[in-house]
Each structure stands twice: as structure tokens, then as C-alpha cells.
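Visitor: I would like to go through this model by question and answer. Please keep to what can be computed from the atoms.

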Amino acid sequence: MSDDAIYATNDDAAMCKRFAVKQGYWKDPYIQFLVKAGNRKAPEINRGYYARAEGLRRLLRQFMNLTQCACQIVNLGAGFDTNFWLLKDEGLVADVFVELDMRAVTSRKCHMIKTRSNLLEPVQASHGADPVVIEDAELHSTHFHIMWADLRDVAQVEDKLNKVGLDKNKPTLFLSECVLVYMPPEKSSALIKWAGSTYNTSMFLNYEQVNMGDRFGQVMVQNLRKRTCDLVGVDACMSLDTQKARYISNGWEGTEAFDMMTVYRNLPGDDLYRIERLEFMDETEPLQQLMEHYCMSWAWRDTLKIGLDSIGINR
Ligand SMILES: C[S@@+](CC[C@H](N)C(=O)[O-])C[C@H]1O[C@@H](n2cnc3c(N)ncnc32)[C@H](O)[C@@H]1O
């Protein structure tokens, strides 16, 4: 799969998120400044994005609350993610929040932040008197950094994080949302291993495909391949057990994994009641099938004993 095809996956994800936000699934006043409105999406796609966005944000919040924001967040393959802004609006600002992606993506995101005050002002507000530095397809401020790096090159990732002074002893959450599956398995394993062995109190949170060995999964892989989008990392996505095994074989202490149907059912009942009335769905089978083919998995290493094993989908 070419790098062009890899970073094009970001436009797709961002447009789907923007559409779901427009339909009222969750609030995100920032995504509209990063991506144009795409075509209408089926209700099950919108509900899938809702479970993904809200499910991940609930875990991010728990980590930030547990550490009282004395923590670092590294979003690997962040694309046009807006969690820095959304969490800041809730009063949750990590000591350092870093986004890494390919240069073609960080360059566009930095340009949009620079030219849209709705995106720039919140970054400036948490920064201080000096202007936020945006140059060479990167952004640097007190709490927020966007940098380019190839995640297949662990040495480059490490070098970039060292440059912004990440502290290896401070609680650190690595997030990869629909990213590892585009990397060869030995490269994603190397990244996961490096993260857990370098940051001694850390969590690795991953969202991607699962159950890819069954008929539905195989069709998904074939359809994506036709669109020149090869899921080269699909071997780790055979089951929840293969997802968990990748963490354990790469030295992490503990791990959890849930398919997205389970995550969805554990979201707050009043919000589910609200979103299930947004769009009519004739049958629930397509939703069920889709949600059973994506998962959230995470792993922890808790040297400081801050209680990382208490983080869960129903809290
Ligand atoms: C499907 S998009 C997801 C974007 C974002 N995480 C989200 O969920 O909205 C995948 C992202 O991973 C990035 N990515 C994939 N492989 C990468 C690599 N080797 N190095 C850096 N970024 C990579 C792509 O450029 C793209 O922005």
C-alpha cells in the first residue's frame, strides 16, 4: 500500500466523523474547520463512529482523571483528530499532548490551525504570551505539539518525542486509532514494544479491526484492497485474543479487549437512548455485524501503581 493511500485514509475518517457530528451523534465544534463535509453515510456507519469516538474519549478521560492531568498523551497517526480541543473544553489539559502523523498530514493540519482562529485560539490560550510556533509542518506550544514521523521507524518516533522533552517516568498514554492495521505486523509490534519498555507507567490504547478471519472480515479486506487500501497488519486482527497477545508478547503487564458492540452497549444508557432516535434503522443486523468487526484494546504497565488496571469500558 502506498503512503499516499495510507494518508488518504485520514480524509475518510475525518469526513465520516464530521457527518456524524452534523447528524447530532456527539458535539465537536472543531472538525468542521479541518475537513469538508462528505457524502451522507448510512446510520450504522454513524453509530459505529459514535461508539468509536465516545468509547475512546471515555478511556482518555479516565486516564487523565486518574493522573489528575499530570500525564502525557501521544496520539500515533492522529490525522485530523480533535481530542486535544475537546478535552481542553472539559478542563482536561495534559502536561503534554503530542500528535504524530506523516508529513503530508501534519502539514495540512498545521496549515489549517494557522489559518483558522477557532483552532488556533484554544492552542494559544493554553500556551502563554509567546506565539505558538507553526513551521516545517509541525506545531509547538506549551502543552500541544504536532510533529511528523513515520511510525514504522521507532528511532525517528523516539527522537521526535525526546525533542519535545517527554518524560519517561511520567504516566503516558499512547493512542492509535485505526492506524496499526496499515503497518506491517513486525513494525507495529516494534512500536508497541518500544512504548511499553521505554515509558514505565503507560497505557497503549488501540482501535481497529477484529474478527477478520470470518466471511464478513474477508470481504472487508478484499473490498479495501480493491480501493488500493491493503490492511497489511491484519494478522493481529483475527480475534480479541490475537489483539491481546500482541501486547503480552511485547512485554506489557496487563491487557483488555472488547468488540465495539460490547463497547457500544456499555455507553451511558441516556445517551444511547438519545442517539438511537436520531436516525431510523430498519434492521439491526448490519450494525451488529459492523460493530463485531472493530474493537478497542488496551494494555498497561503500572510501575508507579496509579491504578491503570481500574480503567474500563463501563466506568
Ligand atoms: C484511518 S486514519 C485515522 C486517523 C485518526 N487516528 C482517526 O482515527 O481519526 C490513519 C492515520 O494513520 C496515519 N498513519 C498510518 N501509517 C502511518 C505511519 N507509518 N506513520 C505515520 N502515520 C501513519 C495516516 O497518515 C492517517 O492519518
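Guide: A definition comes before the details: helices are DSSP runs of H or I with at least four residues, strands are runs of E with at least two, and both are numbered from the N terminus. The model is predicted.

Visitor: In which helix is the place of Leu191, and is Leu191 buried or exposed?
Guide: Leu191 is placed in helix H7. Buried means under 20% relative accessible area. Leu191 has 1% relative accessibility, so it counts as buried.

Visitor: Which residues does Leu191 touch, not counting residues up to four places away in sequence?
Guide: Contact means heavy atoms within 4.5 Å. With residues up to four places away in sequence left out, Leu191 touches Leu76, Leu151, Val154, Val157, Leu180 and Met183.

Visitor: What separates the C-alpha atoms of Leu191 and Asn250?
Guide: Leu191 and Asn250 are 59 residues apart along the chain. Their C-alpha atoms are separated by 9.4 Å.

Visitor: What volume does the largest pocket have, and which residues are the closest to its centre?
Guide: The volume of the largest pocket is about 1200 Å³. It is lined by 48 residues, and the closest to its centre are Thr9, Asp12, Tyr49, Cys178 and Tyr182.

Visitor: Which element supplies the largest share of the lining of the largest pocket?
Guide: At least two lining residues each come from helix H1 (3-23), helix H2 (43-66), strand E7 (201-209), helix H8 (215-226) and helix H12 (285-291). By type, the lining divides into 30 nonpolar, 8 polar and 10 charged residues. The largest share, 11 residues, comes from H1.

Visitor: How do the residues lining the second largest pocket divide by type?
Guide: The second largest pocket has a volume of about 250 Å³. Of its 14 lining residues, Trp26, Lys27, Glu54, Arg57 and Arg61 are the closest to the centre. H2, helix H3 (83-89) and helix H11 (269-275) give two or more residues each, and H2 gives the most, with 4 residues. The lining divides into 5 nonpolar, 1 polar and 8 charged.

Visitor: How many residues of H2 are buried?
Guide: H2 has 24 residues and spans 34 Å from its first C-alpha to its last, close to the 34 Å expected at 1.5 Å a residue. The helix is mostly covered, and the number of its residues that are buried is 19.

Visitor: Is Cys178 buried or exposed?
Guide: Cys178 lies in the loop between strand E6 (172-177) and helix H7 (185-198). Like Gln68, Cys178 has a positive phi in a residue other than glycine, and for Cys178 the value is near 60°. With 15% relative accessibility, Cys178 counts as buried.

Visitor: Why do the buried residues of H5 line one face of the helix, and what do they pack against?
Guide: The buried residues of helix H5 (residues 117-125) are Leu119, Pro122 and Val123. Seen down the helix axis, they fall within an arc of 100°, so they line one face. Glu121 and Ala125, on the other side of H5, are exposed. The buried residues pack against H3, helix H4 (103-115), strand E4 (138-140) and strand E5 (144-148).

Conventions: Residues are numbered from 1 along each chain as its sequence is written. This is a predicted model: local features need pLDDT of at least 70, side-chain atom pairs count only at pLDDT 80 or more; totals for chains, interfaces and linings use all residues. Side-chain values use heavy atoms; hydrogens and water are left out. On a 1 Å grid over the protein atoms alone, a cavity is a set of points where a 1.4 Å probe fits but cannot get out, and a pocket is an open set with protein on both sides within 12 Å along at least five of seven lines; lining residues have an atom within 4 Å of a point. Grid points are joined across faces, edges and corners, and a volume is the space filled by probe spheres set on the points. Ala, Val, Leu, Ile, Met, Phe, Trp, Tyr, Cys and Pro count as nonpolar, Asp, Glu, Lys and Arg as charged, and the others, Gly among them, as polar. Buried means under 20% relative accessible area, exposed over 50%, partly exposed in between (1.4 Å probe, protein chains only). The arc is that of the directions from the helix axis to the C-beta atoms. The expected span of a helix is 1.5 Å times one less than its number of residues.
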